[in-house]
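Thanks for coming. I will take one model and go through a few parts of it. Here it is.

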Amino acid sequence: MQNTVKSICLEQPNKVGITQSPCPIKKNTDVLIKVEAMGICGSDIGAYRGTNPLVTYPRILGHEIVGMILESGIGMPDNIKVGDRVIIDPYVYCGHCYPCSIGRTNCCESLNVLGVHIDGAMQEIVRHPAHLIVKAPDMKIEELALAEPLTISLHAIHRTKVKAGEHVAIIGAGAIGLMAALVAKVYGAIPILIDILDKRLAYAKSIGIQHTINPSKENDIEVIKTMTKGRMAEVVIEASGANISIQNTLKYASFAGRIGLTGWPKTETPLPTNIITFKELDIYGARTSKGEFEEALELLYTRKINPEHIISRIIKFDEIPAYIKELSENPADYLKIIAVL
Ligand SMILES: NC(=O)c1ccc[n+]([C@@H]2O[C@H](COP(=O)([O-])OP(=O)(O)OC[C@H]3O[C@@H](n4cnc5c(N)ncnc54)[C@H](O)[C@@H]3O)[C@@H](O)[C@H]2O)c1
Ligand SMILES: [Zn+2]
Ligand SMILES: [Zn+2]
């Protein structure tokens, strides 16, 4: 096997390039994976800009990963063998802390997310805990790379227990919010997608999200009131990370409503907690995902969520540094960029 592998590394904020790093050495509980495709995520851009406080440098990026098993390891799922294509579950948990002990491994007290707390998998070959891989269905590698971000959207939908017939107001029409809206529709609910960019709302409409609101141009509360016959939204999902949007969740929610907070705000958000008590709202954090890869893959495989609707561009591995800069400068121009090796 080769001695070094190409990787996409952030030396420090605003400095990303291709480096040669030592070929990973695996433990007996790891698998070795030949990386084939990967998504570039908003969090990679946050790491590039130096705005993600969880990231330390230098850091190899990448957590939305598709690859092929080169070497097996103890704990590998029974349905996977060497040569199989897999998705990496990139949330490495300790297994001992309180949340891990109750099965909430996604909010492990010492969670290590690939490309954030520990080196990621934007490299030719990567090692990964053998138990944290999921068998991929037979579909295009670039489409499979959508599984991880789709689990984020699914987790918000599951945390807020979205049911058929309910109105789900979703703030943020980026990849996460848009896929949450598409999943809400698959569940028989009525998504209402809210964004300040007309371009993103028009796109969402073009792929079947009927109800959209631009709060910088319309009276968002009145529109939701009319749409819900005065009730307001039974579920609100925040997927923009804007402080004002987090505050708006309380306004958009019905009495006895549920709110899911997925967006990562950069700063603290003051909230009128009297509204939470008055409406008796349930507010759920939604961090990464847990046990949701199979459903994400099923949605993509059956094209209930059409991958072509989410992928804006497919690029080559060597183009990643240039596209990280491009995404940092023009984030609204792309939903999801996938690189193939
Ligand atoms: N909880 C998690 O584990 C997790 C995982 C991935 C992403 N995230 C977070 O989810 C959020 C969405 O991710 P994304 O990749 O879709 O991001 P994105 O930047 O592509 O999309 C965010 C959207 O929010 C819109 N927006 C910004 N301010 C707004 C406002 N005031 N009102 C309405 N809309 C507004 C933007 O126009 C944009 O379309 C981000 O905050 C990201 O950090 C969380
Ligand atoms: Zn991501
Ligand atoms: Zn833990």
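**The ligand shell, a strand and a helix**

Helix α5 supplies the largest share of the shell around ligand 1, namely three residues. Helices here are DSSP runs of H or I of at least four residues, strands are runs of E of at least two, and both are numbered from the N terminus. This is a predicted model, in which local features need pLDDT of at least 70 and side-chain atom pairs count only at pLDDT 80 or more, while totals for chains, interfaces and linings use all residues. Residues are numbered from 1 along each chain as its sequence is written, and chains are lettered from A and ligands numbered from 1 in the order in which they are written.

Back to the ligand. There are 28 residues around ligand 1, and Gly42, Gly172, Gly174, Ser240 and Gly241 come nearest. The elements giving two or more residues to this shell are α5 and α8, residues 243-252. A residue is near a molecule if its C-beta atom, placed from the backbone, lies within 6 Å of it. By class, the shell holds 15 nonpolar, 10 polar and three charged residues. Ala, Val, Leu, Ile, Met, Phe, Trp, Tyr, Cys and Pro count as nonpolar, Asp, Glu, Lys and Arg as charged, and the others, Gly among them, as polar.

Next, strand β6. Which strands pair with β6? Strand β5, residues 64-71, runs antiparallel to β6 and is joined to it by three bridges, and β10 also pairs with β6 in the antiparallel sense, over three bridges. Pairing requires at least two DSSP bridges between the strands. Met68 has Arg85 of β6 as its bridge partner, and Ile87 has Val134 of β10. In a regular strand the side chains alternate between the two faces of the sheet. In β6, Arg85 and Ile87 lie on one side, Val86 and Ile88 on the other, and all are buried. Buried means 20 or more other C-beta atoms within 10 Å of the residue's own, exposed means 12 or fewer, and partly exposed is in between, with C-beta atoms placed from the backbone.

Now helix α10, residues 293-301. Its buried residues are Phe293, Ala296, Leu297, Leu299 and Leu300. They fall within an arc of 160° seen down the axis of α10, so they line one face of the helix. The arc is taken from the directions from the helix axis to the C-beta atoms. Among the elements covering these buried residues are β6, β10 and α5; contact means C-beta atoms, placed from the backbone, within 7 Å. After α10 comes Arg303, with a positive phi near 60°.

Methods: Two residues are in contact if their C-beta atoms, placed from the backbone, lie within 7 Å.
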